[in-house]
Amino acid sequence: MRTHYCAQVNEENIDEIITVSGWVNSRRDHGGLIFIDLKDKDEVVQLVCDPADSAEVHKLAEDVRDQFVLIATGKVRARGEGLENPKLKTGKIEIVVDNLIIENRSKPMPFDLNDDKVNEEIKLKYRYLELRTKKSYDIFKLRSKVTMATRNTLDELDFLEVETPIITKSTPEGARDYLVPSRVHGGEFYALPQSPQLFKQLLMVGGFDRYFQIAKCFRDEDLRADRQPEFTQIDVEMSFCNQEDVIKVAEKLIYDIFTKCDFDIPSTFKRMTYHDAMENYGTDKPDMRYDLKMVDVIDIFERCDNEIFSSIASTPKKNRIKALKVPNGDKIFSKREMKRFEEYVRKFGASGLGYFQMKEDGLKGPLTKFFSQDDLDAIIERCELEIGDAVFFGAGEKKRVLDYMGRFRIFLAEHEKLNLIDNSKFEFLWVMDFPMFEVEDGKVKALHHPFTMPKSLDYEDIEDISSIAYDIVLNGTELGGGSIRIHKEDIQEEIFRLLGIGEEEANDKFGFLLDALKFGAPPHGGFALGLDRLIMLMTGSSSIREVIAFPKTQKAQCLLTQAPSVVDNEQLKDLSLRIRQTPTA
């Protein structure tokens with residue numbers, strides 16, 4: 001049905017008879033000549049239907065409308081002088097059609113395919129139509145290139161691609177499982193995997209040494225712009241390795257992916273401890289495309305005459321007072337705007353937001369009366385303030401202050417008057433040495449997952465235990481992460497004990513892994529990269545929904561197929577299930 005794709009037609013084909021196929025991108029009737037822009041997978045070529053050449057073709061072209069499917073045969077010729085289109089690869093030629101087939105007609109489009117402002121629900125309902133756009137095709141062309149580069153690089157490094165089960169056992173990994181009822185074993189359930197974590201560890205016990213998989217994963221959790229109920233990750237595991245070995249493989253993989261897709265990035269990435277990331281940026285995934293580093297000033301505030309600040313500062317282990325300098329902030333923002341910033345941080349639990357302005361004669365602001373001149377000078381020196389700068393202060397409980405000041409940092413960077421973010425840059429960062437545990441409401445939880453190797457189990461405070469875990473951050477988004485795994489049964493059992501998982505529960509949920517560790521498990525570790533997030537960042541897309549062929553909404557619905565949906569009673573009966581009606585009020 002074609003001799004050439006549209007993008008292949010150029011000046012070298014002039015005077016050749018060729019056949020192209022595709023969809024009508026636009027049609028223009030100039031009162032004699034009819035011009036049709038025909039689009040296939042990735043390019044447009046101009047067709048000319050001239051009654052002088054073929055009255056039959058011209059008559060047929062009069063009936064053509066947008067998105068009709070055409071097969072056109074004709075002679076390639078150069079466009080007339082001044083009629084070239086430099087925006088198209090095919091902009092110097094056109095095809096004079098002598099045979100036209102309307103292979104299929106199209107109803108009027110439910111939305112303009114080139115309008116980015118169309119309601120997203122309409123786009124998702126007719127997702128197959130949006131996929132016809134060049135923007136969508138280019139995204140998935142890049143995605144395919146990334147997966148090919150992934151396979152090629154890992155193959156070069158002697159990794160073996162292995163598929164792990166999609167229906168498996170429900171195990172607690174931090175998010176809710178999607179459950180699959182068993183027909184054969186009534187009342188029992190499989191689960192869709194949140195990750196291949198346990199199976200890839202078992203592959204290491206099996207002696208496979210180096211494994212990878214471009215794996216489908218499933219999590220029944222609340223959705224955001226960078227989350228979907230089903231997603232894809234590049235999953236890697238290796239034996240007889242340490243943290244540096246894993247990081248070296250990850251950096252080479254990422255470098256190869258980007259360079260093979262014509263992006264320029266460094267071959268090694270910056271590093272930062274979890275502690276420094278939280279204390280300096282208020283997040284474990286700081287965006288390093290801009291500075292705005294937080295500074296600890298709790299010792300200076302301890303000496304001030306304000307009882308609220310001095311009281312907070314008297315317990316520096318559990319509290320924080322952080323300063324955030326904005327270069328030229330006093331010149332850029334009015335006092336009214338700076339006061340309104342307090343409304344923003346209050347949404348995240350702040351009780352207030354103080355600020356100073358750096359004038360020619362020193363610091364000014366409503367809080368200066370509480371400080372001695374020596375302490376004001378200390379703030380100037382600590383924050384490296386210059387005339388015209390503004391500096392903001394957050395004070396209170398440690399986690400809360402770090403959270404809202406970290407959010408405030410991002411808010412300022414994105415503010416139209418500062419506009420500090422360079423969207424053309426890719427800034428990678430390794431965040432290292434994560435805490436092994438976090439305590440919420442008196443309950444101990446694994447910060448990453450319970451199979452992460454601790455650096456040491458000698459501790460006074462359980463939250464002070466560090467793990468051999470690492471995240472890779474790109475432009476303020478967690479791209480992926482990994483860890484060195486626990487390969488010794490006694491350490492794994494101790495971690496379960498600290499998590500409050502008893503021997504019976506551990507054997508019930510993880511017995512197969514604990515058993516495997518008794519049969520000569522090698523030291524091993526790995527990482528996983530979110531493929532959808534990676535493509536989202538590489539293409540500058542605002543959501544991973546744009547880079548998944550058939551995504552779900554933020555309510556985990558597929559508007560195209562109307563999933564999830566009701567099933568009939570016979571199917572429920574086969575699965576030993578019954579729907580319980582929720583009583584109405």
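Predicted model: local features only at pLDDT ≥ 70, side-chain atom pairs only at ≥ 80, totals over all residues.
Biologist: How many of the 9 residues of α16 are buried?

Modeller: A residue counts as buried when its relative accessible area is under 20%. In α16 that class takes in Leu 531, Asp 532, Arg 533, Leu 534, Ile 535, Met 536, Leu 537 and Met 538. The helix is therefore largely enclosed by the rest of the structure, the number of its buried residues being 8 of the 9.

Biologist: Is α4 roughly parallel or oblique to α16?

Modeller: The axes of α4 (residues 134–156) and α16 come within 10 Å and cross at roughly 125°. Because angles from 65 to 115 degrees count as roughly perpendicular and those over 145 as roughly antiparallel, this crossing falls into the remaining class, which makes the arrangement of α4 relative to α16 oblique.

Biologist: How many charged residues does the contact of α4 with α16 have?

Modeller: The two helices pass each other in a right-handed crossing. On the α4 side the contact is formed by Ile 139, Leu 142, Arg 143, Val 146 and Thr 147, and these meet Leu 531, Asp 532, Leu 534, Ile 535, Met 538 and Thr 539 of α16. Divided by class, the residues come to 7 nonpolar and 2 polar, with the number of charged ones being 2.

Biologist: Is the crossing of α5 and α15 left-handed or right-handed?

Modeller: Helix α5 (residues 197–205) and helix α15 (residues 503–516) have axes that come within 10 Å and cross at roughly 20°. These two helices are therefore roughly parallel to each other, and the handedness of their crossing is left-handed.

Biologist: How many nonpolar residues are in the contact of α5 with α15?

Modeller: From α5 the contact draws on Leu 198, Gln 201, Leu 202 and Val 205, and from α15 on Phe 510, Phe 512, Leu 513 and Ala 516. By class there are no charged residues and 1 polar residue, while the number of nonpolar residues is 7.

Biologist: Is Ser 467 buried or exposed?

Modeller: Ser 467 lies in the loop between β19 (443–446) and β20 (469–474). Beyond its neighbours within four places in sequence, the residues in contact with Ser 467 include Asp 433, Phe 434, Thr 452 and Lys 455. Its relative accessibility is 2%, so Ser 467 counts as buried.

Technical notes: Residues numbered from 1 in each chain as written. Heavy atoms only, no water. Axes fitted to C-alpha atoms, helices over the stretch in contact; angles between N-to-C directions. Helix = DSSP H or I, 4+ residues; strand = E, 2+ residues; numbered from the N terminus. Parallel < 35°, antiparallel > 145°, perpendicular 65-115°, else oblique. Left-handed = near helix turned anticlockwise from the far one by under 90°. Contact = heavy atoms within 4.5 Å. Nonpolar A, V, L, I, M, F, W, Y, C, P; charged D, E, K, R; others polar. Buried < 20%, exposed > 50% of the residue type's maximum accessible area, 1.4 Å probe, protein only.
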